[in-house]
Amino acid sequence: MPTTAVVGTQWGDEGKGKVVDFLARDADIVVRSQGGNNAGHTVTVEEEVFRLYHLPCGVLHPEKKSIIGSGMVLEPFKLLEEIEGLTARGIPVNNLIISHHAHLIMPYHLLIDGLEEERRTKSDSRGKIGTTKRGIGPAFSDKMARSGFRVCDLASPEQFRDRVRYACDEKNALLTGLYKVDPLDPEKIADDYLEAGSRLLNYTGDAVATLHQGIDEGKRILFEGAQGTLLDIDYGIAYPFLTSSHPVSGGMTLGTGLAPNRLDRIFGVVKAYISRVGEGPFPTEIHDEIGTVIRDHGQEYGTATGRPRRVGWLDLMLLRYSAMINGLTDIVLTKVDILDEFAEIKIAVGYELNGERVDYVPRDPSLLPLIKPVYETFPGWLTDTTKLSTGDVLPEPLMKFLNFISRSVGVPISLLGVGTRRKQMVELG
Ligand code: IMP
C-alpha cells in the first residue's frame, strides 16, 4: 500500500469509516485533510462501537501515526472530548499530530450557522441548506476572509485575546443587529479557548513536514475522506446545498500539503444505494415504503446529528461523474447486505430531461429538479451476504450487479462491505 486515498463518491455516509479502518491495517500514517466535526465516522471493532468526528480512524490503531491537516476546522472542546474519551476507553491517543495551521471553530461560528439557517428558512429567496450546525460554513468563511483563528494562535495568549476582542466587535454587531440575540463575551471566549489550547497544543506540530518525512522514509500513508464528492463546494450537486470544503481527492492534497502526483491509489467508497442528509437535489430519491425499509435496515440516521437520511437507488450518472472528478482507481461497494432481502434492485443508468435522454449530469442547477432517472432493474441475490468472506463464490445475481456497476463506471470493484464489523469486508481478486 503506497499512498492511498479513500473518498466518498456520494453525499457522504457511504461507510468510509469502516473502509478506512480496514485499509489502515496496512498503513503507517492515517491523515484527515478537510471538513471538521460535521463528519461522523462509525467504526465497530470486535463488539465495540466507536464514533469519531474530528479524529482520523487511525487513532483506533494506537501504534500508527494520525495527522489532522491544515485543511480542517476544529472545535477544540469537542476534539479534546474525543481524545480524552478514547483514552478513558483504553485507547491512548499519543501518536496524533494536529497541524498548527488548522483553523478553529469559534462560538460565534456555531451560533451563526444555526441562526443563518433559521433566517434562510424564513426567506423566500434562499431556503435552508440543512447544515449540521457545527459552525463549519462560518469557520471556512472566516478562513477565506483571512480573519479566522488557527491552532497556533493559541500559543500567544495576549495576541489571541486581543484578536478575539476585535473579532467579537464584528460578530456581536451581527448577532445583536441582524439576528437579534445577545452578544458574546470576548473575555470568556479567550479564557475558554486558551484553557483548551493548553491541552491541545500538546498535539500540534508541523503536519506537512511529518507527512513528507513519512513519505521519504517509505511509510504507507492513508488519506481518510470525510463527507462526499457530491457535497464539494465547487463540484458538488448542487450549490448552495453543499459543505464548505473539498471532499474530493484534490482536496486531500490541498488540505495536507501533499503534491497531487504523490497519490498512488484512490478508492471511491460507493454505497450500494445512495443517501443524502440535508436539503438539495436528489434524482433517485425513494419516497415510498421501500425507502423506509432501506433507511431502517441501513440505520440511515446521521452519526453527527441523528437526522434521518433521505435514501434512493444507486445513480450511475452521479457515480461516473464522481469517478471522473476524483480519478478513482478502485471502488469499494459498501452496505451490500442492506439489499439482501430485496427481490428487485434498481440502478439509475441515465436521465431524461424534458422528454430527452441525456447521458451527463446537467451543470445548470435549475435543470436538476426536472431530471427523471431511467432505471435498470436487477434481480436481487436474496442471500445473507453478511457471512461472506474473501475467496467465497459470490451469488450469481450479486456478481451481475457488481460487474454492471464496474463496467459502467470503468473502475474495478476491489472491496465489498457486507456488515458493520471490521472483518465483514470481502476482497475481490
Ligand atoms: P455543513 O457541512 O454542516 O455546513 O452542512 C452542509 C451540508 O453537508 C448539509 O447537507 C449536511 O447535511 C451535509 N454534510 C456535512 N457533513 C456531512 C457528513 O459527514 N455526512 C453527510 N452529510 C454531511
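Buried area is the accessible area, taken with a 1.4 Å probe, that two parts lose on being put together, summed over both. The structure is a predicted model, in which local features need pLDDT of at least 70 and side-chain atom pairs count only at pLDDT 80 or more, while totals for chains, interfaces and linings use all residues. Residues are numbered from 1 along each chain as its sequence is written, and side-chain values use heavy atoms, with hydrogens and water left out.

Start with the domains. The protein chain is split into domain 1 (3–95 + 206–427) and domain 2 (103–200), with bounds that come from an automatic or database domain assignment. Taken over C-alpha atoms, the centres of domain 1 and domain 2 sit 29 Å apart. On the domain 1 side 26 residues join the contact, and domain 2 brings 23 residues; contact here means heavy atoms within 4.5 Å. Between them, domain 1 and domain 2 bury about 2,100 Å², and carbon and sulfur atoms give 65% of that. Val-73, Phe-77 and Leu-80 stand out: they supply 24% of the area that domain 1 buries against domain 2, more than any other three residues.

Next come the holes. A cavity is a set of points on a 1 Å grid over the protein atoms alone where a 1.4 Å probe fits but cannot get out, and lining residues have an atom within 4 Å of a point. The count is 1 cavity of 30 Å³ or more. The largest cavity holds about 40 Å³ of space, a volume being the space filled by probe spheres set on the points. Its lining includes Gly-58, His-61, Lys-64 and Asn-94.

Finally, the cysteines. A disulfide is a pair of cysteine sulfur atoms within 2.5 Å, and the whole structure turns up 0 of them. Cys-168 is in no disulfide, and the nearest cysteine sulfur, that of Cys-152, lies 19 Å away. Cys-168 is also buried, at 2% relative accessibility, where buried means under 20% relative accessible area, exposed over 50% and partly exposed in between (1.4 Å probe, protein chains only). Cys-57 is buried too, with a relative accessible area of 0%.

Conventions. 1 Å grid on protein atoms, 1.4 Å probe; cavity = no way out; pocket = protein on both sides within 12 Å on 5 of 7 lines; lining within 4 Å.
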